[in-house]
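Subject: Structure for your review

Dear colleague,

Please find the structure below, handed over for your use. A summary of the findings follows it.

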Amino acid sequence: MVSSISFSVLREVIANGLCKQLCLRLFPQLFGVACVTEPNCGIGKSADVGSSNSAEWETLEREHRSYSFLGQTLATFTASDCMAEAISASSTDNYPEESICNTLDPRDTVRRRASYWSSKGQKDPMVPETLIYKLIADLCVITEISVQPFKAYFQPGFPIYSAKYVRFRMGHPKSPTVIKNDLTDLPMQLPADDKFIWTYTSQEFPMVQENCLQKFKLPEPVLCVGGFLMIELLGRVQRQEMDSLFYICVSHVKVLGRPLYPAFDVEIVEPSSGKFLLKHYPEAQNCPPPISPYCHVGNLPLQENLRGLEQLLNMLHGNVPDLEPHEWDDDENDLDLVLM
């Protein structure tokens, strides 16, 4: 009796798409789903429900499986670093020394050089700047973004080149096939905003002129479909004494959330409308999500530990690079952390 009632309730849940409706309510970005697929699953037998035919019921079952697991994943998760790589900056004053790539490293100095990105100088303090990043997966839930303005300790008065406000956009490339092939060819020091469609735009958050990692928690978790983030830096507050121009400089950027890969992936089918396929891989539901190369082991980003390990192995094999002393990392404990 109990089993028959449970089965009856389950059929009602599936037939009415309750799990799907719940997910849509929590994450409006899912209204862009054109179809849910299970690429690695064969076509199984299906049961009839009322006047629905076999194919319709199979679709309902597939959507129920996918949205049910998606809802469970989104309801409870521990946020982690979702940053993958830097794509482009709207301008760069001195490239590559002041590249956007520097914002991926949380350290103030790397190889005895200040680590930061700098815009070009402007007479008009209202000229904005943008920084574009690739997230660790094409489907991520983002909860918080942090930005640290740069303090120029080598300039008189130690000026801090912050923006007045910051705003965030998330989205996908206008042409997915082209952007994936040309991603590494995009000039990091030039704007690439026109190559993307931004499907989410946050409110403007005020920044303070302080050299600290300023955390901006989104009002609600956002489902980033496409895996790209743009940070808009609005308004300039600091002139450079040397040329009397306004600059914006950023030391570090951090993105917290939850990548949904490998259990889920997306394929943009209509870039202009934002329609996409939601791909569900049930066999990967228990697999851990990918780890950002910028998560930290000890006091160093993971990639720095790997680079330190590579240096150590080269030394052990007698392949010591011909570097000047100032070209080696300035952190005395780097090698110790790698050995540990």
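To begin with a proline, Pro262 is found in the loop between strand E16 (249–259) and strand E17. Please note that the model is a predicted one. The peptide bond leading from Tyr261 to Pro262 is cis, and its omega is near 10 degrees. A cis peptide bond also joins Tyr95 and Pro96, with omega at about 5 degrees; Pro96 is placed in the loop between strand E3 (83–89) and strand E4 (109–110).

Although Arg112 is not a glycine, its phi is positive, at about 65 degrees. As background, most residues other than glycine have a negative phi, and most peptide bonds are trans.

Strand E17 also takes part in a sheet. This sheet is open and consists of three strands in the order E1-E18-E17, with mixed pairing. Strands E1 (33–37) and E17 (264–270) form the edges; each has a single partner strand, so one side of each has no neighbour in the sheet. On average, and ignoring direction, neighbouring strands are turned by 20 degrees against each other. The pairing of E17 with E18 (residues 275–280) is antiparallel and runs over six bridges. Glu270 has Lys275, in E18, as its bridge partner.

Helix H3 (residues 54–75) packs on this sheet and touches E1, E17 and E18, its direction making about 100 degrees with that of E1.

H3 is also in contact with helix H2. The axes of H2 (residues 18–26) and H3 come within 8 Å and cross at roughly 45 degrees. The two helices, H2 and H3, are therefore oblique to each other, and H2 passes H3 in a left-handed crossing. On the H2 side, Cys19, Lys20 and Cys23 take part; they meet Glu63, His64, Tyr67, Ser68, Leu70 and Gly71 of H3. By type, the residues of this contact comprise four nonpolar, three polar and two charged.

Finally, a search of the whole structure finds 11 aromatic pairs. One of them is formed by Tyr116 and Phe154: the pair is tilted, with 6.4 Å from centre to centre and 35 degrees between the planes. Tyr116 belongs to the loop between strands E5 (113–114) and E6 (117–118), and Phe154 to the loop between strands E8 (139–149) and E9 (163–173), so the pair ties together parts that are 38 residues apart in sequence.

Yours sincerely

Notes: Residues numbered from 1 in each chain as written. Predicted model: local features only at pLDDT ≥ 70, side-chain atom pairs only at ≥ 80, totals over all residues. Heavy atoms only, no water. Pairing = 2+ DSSP bridges. Helix = DSSP H or I, 4+ residues; strand = E, 2+ residues; numbered from the N terminus. Axes fitted to C-alpha atoms, helices over the stretch in contact; angles between N-to-C directions. Contact = heavy atoms within 4.5 Å. Parallel < 35°, antiparallel > 145°, perpendicular 65-115°, else oblique. Left-handed = near helix turned anticlockwise from the far one by under 90°. Nonpolar A, V, L, I, M, F, W, Y, C, P; charged D, E, K, R; others polar. Phe/Tyr/Trp six-rings, centres within 6.5 Å; stacked < 30°, edge-to-face > 60°.
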